Amino acid sequence: MKFLCPVCRREEEIIGDRNPRCRFCGVEMIPPSNYSQVWMSPSFAIRRMRTINETYGGDRAHKYGKFKKEREAWTTAMLALALTKLTGKEWWIEIETVDNTPDTRLRRISQEPGGNIIETHEIEIVDWETNVGDIMEVIEKKCARAYPSNYILLVNARNSSKVVDFDRVIKEIKKLSSPFLEVWVFVFVKPSNFTVVRVAPAPAFVELTRPDFEKASNQTPFLRRLTRSTKSEFKDLGLLYMPIPPGE
Ligand SMILES: [Zn+2]
């Protein structure tokens, strides 16, 4: 099993020892976590995808099936930051590890007089790739399927050869009977600059720029709901170690 030293950040494959200490720092090393029940900050999801890009190259980072969850978390991070910019509320990303849908969830804790309430958005993600000429083809195909009415569709417009005509998408989507609560589209503009648009029901435009990403890096990286608690209580998990899936 691979462990992480919280001090020197060294990763080491250790066999047999469940509580190893770092050979250099003498501190207890952190065992690896999986995604189950973990809420991760948008900033962490973005950094994780950057690491995968740097390690495996953009092409493999985008194509490899084993990075699908990391890509979906990254895509969800863009919606989370757009929502934060619109409302000031912070959201965390939870990756679905058991069921086929939704792909991800956005979670936050709302502190109400009667106690904590968990707010959740269920997210279905689809990529608009270069082999599809019109973004509406992607949206129409998704809208033709049955989804629970609380789901949000998030379209990652990866077709960089085309400019998204948002006014047209907003107009066209009104003609569809969409099962989704909301439909969002986001496009890469340039590094640290994304446009995130709610195209249905009510249009909303958000430009994410460098200060938004910098501000997001202050958000608590990991939270987990305390399962034995009857109330909605949460634990700040501090530093977690989630090894990047091996590329080959
Ligand atoms: Zn160390």
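Helix 3 is largely enclosed by the rest of the structure, because 15 of its 20 residues are buried. The model described here is predicted. Helix 3 covers residues 68–87. From first C-alpha to last, helix 3 reaches 29 Å, close to the 28 Å expected at 1.5 Å a residue. The residue that follows helix 3 is G88, with a positive phi near 80 degrees.

In soluble globular proteins, nonpolar side chains tend to be buried together.

Neighbours within four places in sequence are left aside here. On that basis I93 contacts W39, M40, P42, A45, A73, T76, A77, A80, T104 and L106. L106 in turn belongs to strand 5, residues 104–112. L106 has 23 other C-beta atoms within 10 Å and is therefore buried. Residues up to four places away in sequence are again not counted. The contacts of L106 are then T76, L79, A80, W91, I93, T120, H121 and I123. A216 lies 110 residues from L106 along the chain, and 15 Å separate their C-alpha atoms.

Helix 1 comprises residues 42–56. Its 15 residues should span 21 Å at 1.5 Å a residue, and the 21 Å between its end C-alpha atoms agrees with this. The buried residues of helix 1 are P42, S43, F44, A45, M49, I52 and Y56. Several elements cover the buried residues of helix 1, including strand 3 (38–40), helix 2 (58–63) and helix 3. Strand 4 (92–95) and helix 6 (210–216) are also among the covering elements. After helix 1 comes G57, whose phi is positive, near 85 degrees.

At the level of the whole chain, the protein has 6 helices and 12 strands. Its radius of gyration is 19 Å, close to the 18 Å that the globule rule gives for 248 residues, so the protein is as compact as a globular protein of that length. The C-alpha trace spans about 60 × 50 × 35 Å along its principal axes. Buried residues account for 30% of the 248 residues. Among contacts between residues at least 6 apart in sequence, 55% join residues at least 24 apart. The protein is divided into two parts, domain 1 (1–32) and domain 2 (34–236). The centres of domain 1 and domain 2, taken over C-alpha atoms, are separated by 33 Å.

Strand 9 (residues 193–200) and strand 10 (residues 204–208) run antiparallel and are joined by 5 bridges. The peptide bond from A200 to P201 is cis, with omega near -5 degrees.

A cis peptide bond also joins T101 and P102, where omega is about -10 degrees. P102 is placed in the loop between strand 4 and strand 5.

Most residues other than glycine have a negative phi, and most peptide bonds are trans. R9 is not a glycine, yet its phi is positive, near 65 degrees. R9 lies in the loop between strand 1 (2–4) and strand 2 (11–13). With 11 other C-beta atoms within 10 Å, R9 is exposed. S192 likewise has a positive phi, near 60 degrees, in a residue other than glycine. The loop between strand 8 (182–190) and strand 9 contains S192. S192 has 12 C-beta neighbours inside 10 Å and therefore counts as exposed.

Terms used:
Residues numbered from 1 in each chain as written. Predicted model: local features only at pLDDT ≥ 70, side-chain atom pairs only at ≥ 80, totals over all residues. Pairing = 2+ DSSP bridges. Helix = DSSP H or I, 4+ residues; strand = E, 2+ residues; numbered from the N terminus. Domains from an automatic or database assignment. Expected span 1.5 Å × (residues − 1). Contact = placed C-beta atoms within 7 Å. Rg over C-alpha atoms; globule rule 2.2 N^0.38 Å.
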